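Dear colleague,

I am handing over the structure we spoke about, and my notes on it follow below. Please read them with the model open beside you.

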Amino acid sequence: MELLSPAGNYEKFLTALAYGADAVYLSGKDFGLRAFAGNFSNAEIKKACTYAHGLNKKVYVTINILTRDTDFSKIKKYLDFLSKVKVDGIIVSDLGLIAFIRKNFPDINVHVSTQANVTNLQTAMLLAELGVKRIVLARELSLKEISKIAKSLSGKVEIECFVHGAMCMAYSGRCLLSNYLTGRDANRGECVQACRWKYFIREESRQDELEVEEDSKGTYILNSKDLCMIEHLDELQKAGVASLKIEGRMKSSYYVACVTNAYRRALDMLPKKAGEDFVKELEKTSHRRFTTGFYFDEVDRQFRETSSPFQTYEFVGLVKDFKNNQVFVEQRNFFKEGDTLEVLSPNDNVFNKTIIVKNLKNEFGEHIEKANSAQMKISFDCQLKLQKGDILRKKCLNKNA
């Protein structure tokens, strides 16, 4: 199965590939559902395609907004560019746009977005007749339903499913809440995640607010848990899923590295199943309590205690170089001499091994006690042979973890 990771900007694109993604999905400056991610200029998309293809990996580009008539002339120019740089697929939700691409750009592979709400075999077969390459099935489907659709298509169309990350409380992500409350349209890429806010209910004749209670657990009644399917990859494989998709174009480079790395390792050990240690690895990055979503018969998918994410480790440094038993690091969060740091790396020789910070120096070679300035250049003694791009993290005290 393909491992498909998010790339909110070029740094995250490089991170995803370095940590084991077979493909990445990204957006240009327009037409994607993550308008507030860094996103990619046309020049960056061209550069990304060249780089990925050199590694025999793939780049998919989103045009998955709910399209309006005024969008088509600009989209046509954009598709002409994407065709020339040979992107490997376009992720689309609008039926009219799918037909438009198949007619005018038959060389471009069309991937049908989860926003298209494909929940049944009849719709999937119709899309297959239109010539689409892949369908990202609606997140509301059970594993049994996914298996039936995938096997009935007999390989005519690939099936892609989300396996990890944030879940939208609205049907396949088609939400009006953000637009209604703030004027920022989630279906045009501007979601404010209003479902994560705390809500109150007020009786009409009273001015005071009464806190909504549901089993005395709190008031975040719209706040979904995060999806996590790392312990069930073998079942997804048996169901006929071709691509496993990680959510998170708005997430950090650390998130992309940690989650991609965990799923890469879990995939590579199939048919052996990933266990609790893999879940604990995923808990080291920002997340809400995990759920298997709609795949099985899990009932409670909402997390009512808080909308705040948790994590057990924090990203403190990015390795820039290593030589003569000295590691050269760009600081990302506070750490000090004597701290124990854990290594996140695609290299098995150092992954999850720990080092103690000794002989900490600034970029001028002067001894310092702590790294407390954002992105400061530092070095310290290290017996592990690290490489550029490795991540250093530190256990954090999180009351919610």
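Glutamate 160 and arginine 134 form a salt bridge whose closest N and O atoms are 2.8 Å apart (a salt bridge being a side-chain nitrogen of Lys or Arg within 4 Å of a carboxyl oxygen of Asp or Glu). Because glutamate 160 lies in strand E7 (residues 158–165) and arginine 134 in strand E6 (residues 134–136), the pair ties together parts that are 26 residues apart in sequence; strands are DSSP runs of E, at least two residues, and helices runs of H or I, at least four, both numbered from the N terminus. Glutamate 160 is buried at 1% relative accessible area, and arginine 134 is buried at 3%, where buried means under 20%, exposed over 50% and partly exposed in between (1.4 Å probe, protein chains only).

This is a predicted model, in which local features need pLDDT of at least 70 and side-chain atom pairs count only at pLDDT 80 or more, while totals for chains, interfaces and linings use all residues. Residues are numbered from 1 along each chain as its sequence is written, and side-chain values use heavy atoms, with hydrogens and water left out.

Glu160 and Arg134 also belong to a network of salt bridges that links them with Glu2, Lys133, Glu158 and Lys245. Elsewhere, arginine 393 forms a salt bridge with glutamate 281, with 3.0 Å between the closest N and O atoms; since arginine 393 is in strand E21 (residues 391–395) and glutamate 281 in helix H10 (residues 276–282), this pair ties together parts 112 residues apart in sequence. Arginine 393 is buried, at 0%, and glutamate 281 is buried, at 5%.
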